[in-house]
Amino acid sequence: MKKRFVLLLVSCMGLLVSASAQRKVSELTLVYDASISSGSKEPKMADALDGHTKTMYIKGNMSRAELASALFSSATIHDSKAGTSVVLKEVSGQKLLIRMTNDNWVENNKRYDGITFANTSESKTIAGYNCIKAVATLPDGTTFTVFYTPDIVPENKEYDYQFKNLNGLPLEYELVQGKLTIRYTVSKINMNPVPASKFDIPKSGYREMTYEESKKMNVSN
């Protein structure tokens, strides 16, 4: 009886240590560096996109994802409480503002509905955090790898639709888009307060359109 009690106590202490090690954060800035490889004999697009950066800002229910490269820049501002989003794009001299309803947001990310993550035995250290390697599987059978730390968990699980079921913070992951494989690796993690101005919507200087209009022009993503 005493031995069983001791084993139970040790198990509970382990759970408490694990829980205390996991830090939930409401504000966070992540900077990812991208590297791209191409299976195509025409590597021009890969060369143009290689070296671009992705910056993610999280503040409460608000998030902002920025992509910046030599060819284009974009920012997606998402309000997880309202379910609405605004996409800002600058392509070939055009500045576009695309408004998305919650239904638009869900439709645009439907390929990630039902995504699952299976941990592997592999791990490595990224930006000072021990990361677990997991294999993500989409409903269509597509897979990609992600290294994540369970030590940091954003309170806003909707900041990045593809990772809303991940029990931690992705610090490195690969995405396959056509013949391009993009690897994002975090280069900076900042848990200082994020300025509220990051989520301001421009009132001028952009051509505004609906999500449906942007789909016809193939600029919604």
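This is a tour of the structure above, stop by stop, with what to select and what is there.

**Before starting**

The model is predicted, with local features needing pLDDT of at least 70 and side-chain atom pairs counting only at pLDDT 80 or more, while totals for chains, interfaces and linings use all residues. Residues are numbered from 1 along each chain as its sequence is written, and side-chain values use heavy atoms, with hydrogens and water left out.

**Whole chain**

Show the protein as a cartoon: it has 4 helices and 14 strands. Helices (H or I, at least four residues) and strands (E, at least two) are DSSP runs, numbered from the N terminus. Of the 221 residues, 36% count as buried; buried means under 20% relative accessible area, exposed over 50%, and partly exposed in between (1.4 Å probe, protein chains only). Among contacts (heavy atoms within 4.5 Å) with a separation of 6 or more, 50% are between residues 24 or more positions apart.

**Stop 1: the nonpolar cores**

Select Leu30, Phe144, Leu169, Tyr173 and Tyr184, the residues with the most contacts inside the largest nonpolar core, which has 39 residues. Such a core is a set of buried Ala, Val, Leu, Ile, Met, Phe, Trp, Tyr and Cys residues joined through side-chain atoms within 4.5 Å. At least two of its residues come from each of β2 (27-38), β3 (53-59), β7 (94-100), β9 (129-137), β10 (143-149), β12 (169-177) and β13 (180-190). β2 gives the largest share, 5 residues.

Now centre on Leu30. Beyond its neighbours within four places in sequence, Leu30 is in contact with Lys54, Thr55, Met56, Leu169, Val186, Lys188 and Ile189. Another core, of 9 residues, lies apart from the largest one; Ala75, Ile77, Leu88 and Val194 are among its members.

**Stop 2: the cavity**

Select Tyr32, Lys54, Met56, Tyr159, Asp160, Phe163, Pro170 and Tyr173, which line the largest cavity. The structure holds 1 cavity of 30 Å³ or more, and the space in the largest cavity is about 30 Å³. A cavity is a set of points, on a 1 Å grid over the protein atoms alone, where a 1.4 Å probe fits but cannot get out; lining residues have an atom within 4 Å of a point. Grid points are joined across faces, edges and corners, and the volume is the space filled by probe spheres set on the points.

β3 and β12 each supply at least two residues of this lining. By class, the lining has 6 nonpolar, no polar and 2 charged residues. Here Ala, Val, Leu, Ile, Met, Phe, Trp, Tyr, Cys and Pro count as nonpolar, Asp, Glu, Lys and Arg as charged, and the others, Gly among them, as polar.

**Stop 3: salt bridges**

The whole structure has 8 salt bridges, each a side-chain nitrogen of Lys or Arg within 4 Å of a carboxyl oxygen of Asp or Glu.

- Glu27 and Lys59 form a salt bridge at 3.0 Å, N to O. Glu27 is in strand β2 and Lys59 in strand β3, 32 residues apart, so the pair links distant parts of the chain. Lys59 is partly exposed, at 24% relative accessibility.
- Lys215 and Glu107 form a salt bridge at 2.7 Å, N to O. Because Lys215 lies in helix α4 (residues 211-217) and Glu107 in helix α3 (residues 102-108), the pair ties together parts 108 residues apart in sequence. Lys215 is partly exposed at 39% relative accessibility, and Glu107 is partly exposed at 32%.
- Arg183 and Glu174 form a salt bridge, with their closest N and O atoms 2.7 Å apart. Arg183 is partly exposed at 37% relative accessibility, and Glu174 is partly exposed at 23%.

**Stop 4: Glu172**

Select Glu172, in strand β12. Glu172 is buried, with a relative accessible area of 9%. Its C-alpha atom is separated by 4.3 Å from that of Thr185, 13 residues apart along the chain.

**Stop 5: Ala127 and Tyr129**

Move to Ala127, in the loop between β8 (116-126) and β9. Ala127 has a positive phi of about 55 degrees although it is not a glycine. Most residues other than glycine have a negative phi. Ala127 is partly exposed at 48% relative accessibility.

Finish at Tyr129, in strand β9, which is partly exposed at 21% relative accessibility. Not counting residues up to four places away in sequence, Tyr129 touches Lys124, Thr149, Asp151, Ile152, Leu171, Ile189 and Met191.

Technical notes:
On a 1 Å grid over the protein atoms alone, a cavity is a set of points where a 1.4 Å probe fits but cannot get out, and a pocket is an open set with protein on both sides within 12 Å along at least five of seven lines; lining residues have an atom within 4 Å of a point.
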